Every structure is written in C-alpha cells, then in structure tokens.
Amino acid sequence: MTFDLAADLEKRRQQHRFREPLVMDGPCGRVARLAGRDYLNFCSNDYLGLANDPEVVAAFQQAAGSWGVGSGASHLVCGHQRPHQDLEEALAAHTGRERALLFSTGYMANLGVMSALLGKSDAVFEDRLNHASLLDGGLLSGARFRRFAHNDPTALERLLQRSDARRKLAVVDGVFSMDGDEAPLAALANVCEANDAWLMVDDAHGIGVLDEQGRGSLFSQGVNDRVQVLMGTLGKGQGTGGAFVAGSHELIETLIQFARTFIYTTAMPAAVAAATLTSLKKSQQEHWRREKLAELVTRFRAGASELGYTLMDSQTPIQPILIGSDADAMALSAALREKGFLITAIRPPTVPEGEARLRVTLSAAHERADVDALLAALDEVGCRTSDA
Ligand code: PMP
C-alpha cells in the first residue's frame with residue numbers, strides 16, 4: 001500500500017476544493033496587498049479594526065522591547081509573565097467571571113476544555129454547525145459524541161433526556177462562523193438546566209463585537225450566569241491572537257491541572273498579551289467601532305438583498321452570500337478579485353454540500369464607500385443565488 005498523495009490532491013482539485021494560501025505583501029487590514037495590487041479586503045475577522053491600530057501596535061512594540069519576542073516556556077514552567085497575568089485578570093473582569101485562562105489559540109482552548117472536563121463515562125452534545133475545533137475537541141475527549149440540528153434546543157433536549165452519561169456538556173458557537181447567526185442561548189440554557197447538563201459557548205465571533213461593551217453573546221443575550229464555560233478568541237474582534245477560557249475558580253483550576261493543550265505548549269508571547277490588554281481597553285471604550293460596524297452591516301444587507309443576492313439570517317459582521325455550487329462560488333470570488341475585492345469562497349467540508357458561499361466580513365476599519373464599492377461590483381458581476 002503506497003501513500004498515493006498525488007491522487008488525493010488531484011481529486012480535491014477536480015472537486016474545486018483545493019485550498020491555496022495567499023501570500024499577502026502587507027497587513028490584513030481594510031486594504032490587502034497581493035502580488036503588487038491593492039484589494040479592498042472583505043475576508044478578515046478583524047471586526048473592530050484593531051489589528052493595525054497604532055496604539056495597539058505601539059503597545060506590542062513597547063512590550064517586545066521589555067519582554068522579548070518569545071515567552072520562553074509554557075505557562076507552568078516560566079512562560080507566564082506579568083502581561084499574561086494582567087490580561088487574564090482583565091478578561092475575567094470583562095466577562096464577569098471569577099477567573100480566565102489564556103491559551104495560545106482558540107483551537108487549542110476548545111481541545112483543552114473538552115479533554116479536561118470529559119472522559120469515557122461522559123457525553124458531549126454539539127450543534128451540527130459548530131466550529132471544527134469544537135467537533136475535534138468533542139471527538140478527542142473520548143466522551144460519547146452527539147450532534148443536534150442547528151439552533152434547535154428541542155433536538156438537544158431529546159438527546160439529553162435519553163442520556164445516562166455521568167457528565168453532559170452541550171456546546172455551541174455563540175455566533176456561527178460560516179453563517180453569522182447567533183445561538184439561542186436562553187433556550188439552550190433552559191434545556192441544559194432541566195437536564196443537569198453544562199453549557200459551553202465558543203464566542204470567537206461575539207467577543208468584542210456583541211453587547212454595548214463588547215462582552216459578547218452571553219451579555220447581549222443576558223445569560224452570562226447560566227453558561228458554565230465561555231471560550232473567546234483574541235485574534236478576531238480583539239485584533240491580536242490567542243484565546244481564553246473564563247469561568248469559575250474550579251473550572252480554571254481544572255484546566256490548569258488537566259488541559260493538555262494548556263500544559264504542554266509554549267505560552268503566547270508576553271508582547272501579544274500586552275497588546276491585547278490595550279486592544280481590550282479600546283474595544284471597551286470605543287463604542288464607535290461597534291456602532292460603525294452595525295451601520296455597515298445594515299447598509300450591506302439592504303444593498304445586497306436589493307441586488308437579489310441570497311443572504312443568511314445574520315445581524316453580525318459575518319454576512320455570507322449563499323451561492324450553492326463550489327464552481328459558482330469560486331467563479332464569483334474570482335470575478336470580484338478581478339475587480340479589486342478580496343472575498344474567499346467557502347466550500348464543503350467547511351460548509352454543507354451545495355451550500356458554498358462567499359463569506360463577506362465587515363469591519364469597523366471599512367468606510368461606507370467601501371461597502372458601496374463592493375455592492376457596485378456585485379451588481380456588475382451579476383446576481384447568482386443558490387438557485388442559479
Ligand atoms: N472557534 C471558532 C468559532 C472559530 O471561528 C475559530 C477560528 N476560525 C476558532 C474557534 C479557533 O480560534 P483560533 O483561530 O484562535 O485557533
């Protein structure tokens with residue numbers, strides 16, 4: 001038996017599912033430079049425009065001068081420096097929880113939480129559209145793994161009622177990364193409370209963006225005291241990188257003792273933590289970023305619907321245009337690229353079969369005129385909906 005990698009790669013290419021990284025010649029900001037050309041960028045997750053904010057950049061540079069560019073070790077050896085500690089305390093206060101713990105990425109945070117909390121006698125219940133890292137975390141944990149219909153608390157309840165697992169953990173995205181819609185957290189919390197289950201929310205796309213102060217889905221939906229595990233990422237709304245889990249003292253202590261993706265990996269550089277402290281403060285205080293974003297979302301939705309494009313049920317900065325076939329999604333992405341817009345086509349297996357889409361993301365770094373220019377380009381390339 002040989003490793004016939006070439007055949008697998010060719011098959012992927014034929015399916016229009018080949019993935020290719022872009023080599024950007026500048027920051028992934030409002031404008032992105034690629035192969036000598038500037039594009040208006042509608043595919044970053046820098047929702048608040050903080051990734052290239054001068055004050056955040058200056059905080060990073062200053063901290064790199066003081067702390068170096070690498071943390072030098074894992075948190076439990078000697079990699080946990082003062083900026084990490086300060087950021088954990090700030091994140092705990094920001095999210096109204098006893099404690100918070102930093103992870104180097106959101107992917108690792110999700111794997112770490114589930115493997116620390118769950119084992120063979122337990123069960124995990126996941127929304128069908130949960131992020132890959134949550135699905136992988138659930139599978140890796142060794143717990144019984146169940147998926148329920150998207151945003152359907154009744155389907156979750158049926159599964160919970162039938163389960164005789166020791167621990168039951170229900171897990172959802174706060175904002176679904178490829179659809180932009182929000183989980184019905186109060187209804188999910190009701191079902192969990194009635195069935196002796198814990199609820200974990202991955203708020204990668206809600207932190208910084210939702211709620212008046214950017215505290216995310218749990219605050220915008222008023223359920224912070226009903227969700228036992230909150231995971232948030234720092235590489236999206238907060239503009240830097242890494243992630244955190246926030247919760248009770250016992251939860252965080254359990255992660256420190258048992259989460260292998262926390263224990264056995266190098267801590268994020270202290271300069272990233274310091275830059276995040278600055279971006280966190282700015283995101284709390286600079287309400288104009290969320291206000292501008294909301295205005296751009298409304299403007300884009302109104303314009304794209306008028307052009308006949310099929311949008312999804314999303315009020316967040318994730319505004320996918322549903323296309324349908326992989327080839328059509330690729331063609332539309334290429335046509336927009338030609339016109340100077342960078343928007344990635346998202347295809348299966350990231351999204352279900354027949355639901356390829358252009359994932360448009362808006363940012364407070366955009367101007368109204370940028371959205372208008374995108375709408376004009378969408379008008380020119382023609383309307384292609386999922387029925388096309
Ligand atoms: N959860 C969700 C919902 C995400 O969208 C992402 C990133 N795409 C992650 C987790 C992983 O976060 P990170 O990029 O920090 O690994």
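Predicted model: local features only at pLDDT ≥ 70, side-chain atom pairs only at ≥ 80, totals over all residues.
Let me start with Gly 106, which is found in helix H5, spanning residues 106–117, where helices are DSSP runs of H or I with at least four residues, strands are DSSP runs of E with at least two, and both are numbered from the N terminus. Residues are numbered from 1 along each chain as its sequence is written.

Gly 106 counts as buried because it has 25 C-beta neighbours inside 10 Å; the cut-offs are 20 or more other C-beta atoms within 10 Å for buried, 12 or fewer for exposed, and anything in between for partly exposed, with C-beta atoms placed from the backbone. Leaving aside neighbours within four places in sequence, Gly 106 is in contact with Ser 133, Ala 204, Met 231, Thr 233 and Ala 243, a contact being two C-beta atoms, placed from the backbone, that lie within 7 Å.

Which residues does the UniProt annotation "binding site" cover? According to that unreviewed entry, they are Gly 106, Tyr 107, Ser 177, His 205 and Thr 233. These residues are spread over 128 residues of sequence, yet they cluster in space, with a largest C-alpha distance of 13.4 Å. A word of caution belongs here, since UniProt annotations may be inferred rather than shown by experiment; their positions are given in the numbering used here, and feature names are shortened.

Turning to the ligand, 13 residues surround it, and the closest are Thr 105, Gly 106, His 131, Ser 177 and Ala 204, where a residue counts as near if its C-beta atom, placed from the backbone, lies within 6 Å of the molecule. The shell divides into three nonpolar, eight polar and two charged residues; Ala, Val, Leu, Ile, Met, Phe, Trp, Tyr, Cys and Pro count as nonpolar, Asp, Glu, Lys and Arg as charged, and the others, Gly among them, as polar.

Thr 233, another of the annotated residues, lies in strand S8, residues 229–233. Thr 233 counts as buried because 28 C-beta neighbours lie inside 10 Å, and, not counting residues up to four places away in sequence, Thr 233 touches Gly 106, Ala 204, Ile 207 and Ala 243.

Seven strands form an open sheet in the order S3-S9-S8-S7-S6-S4-S5, with mixed pairing, and two strands are said to pair if DSSP finds at least two bridges between them. At the edges are strand S3 (99–103) and strand S5 (144–148), each of which pairs on one side only. On average, neighbouring strands of this sheet are turned by 20 degrees against each other, direction ignored; axes here are lines fitted to C-alpha atoms, for helices over the stretch in contact, and angles run from 0 to 180 degrees between N-to-C directions.

S8 and S9 pair in the antiparallel sense over four bridges, and Thr 233 stands opposite Ala 243 in S9. S3 and S9 are also antiparallel, over five bridges, with Gly 247 in S9 as the bridge partner of Arg 99. Strand S7 (residues 198–202), by contrast, pairs with S8 in the parallel sense over three bridges.

How many residues of strand S9 are buried? Five of the five residues in S9 (243–247) are, with Ala 243, Val 245 and Gly 247 pointing one way and Phe 244 and Ala 246 the other. In a regular strand the side chains alternate between the two faces of the sheet.

Helix H7 (residues 153–162) lies across strand S4 (123–127), S5 and strand S6 (168–173), running at about 155 degrees to S5. Helix H8 (residues 185–194) packs on the sheet, touching S6 and S7, and its direction makes about 155 degrees with that of S7.

Finally, some backbone details in the loops. Asn 151, in the loop between S5 and H7, has a positive phi of about 55 degrees although it is not a glycine, and Asn 151 is buried, with 21 other C-beta atoms within 10 Å. Asp 211, in the loop between S7 and helix H9 (217–220), has a positive phi of about 80 degrees, but Asp 211 is partly exposed, with 18 other C-beta atoms within 10 Å. The peptide bond from Pro 348 to Pro 349 is cis, with omega near 5 degrees.
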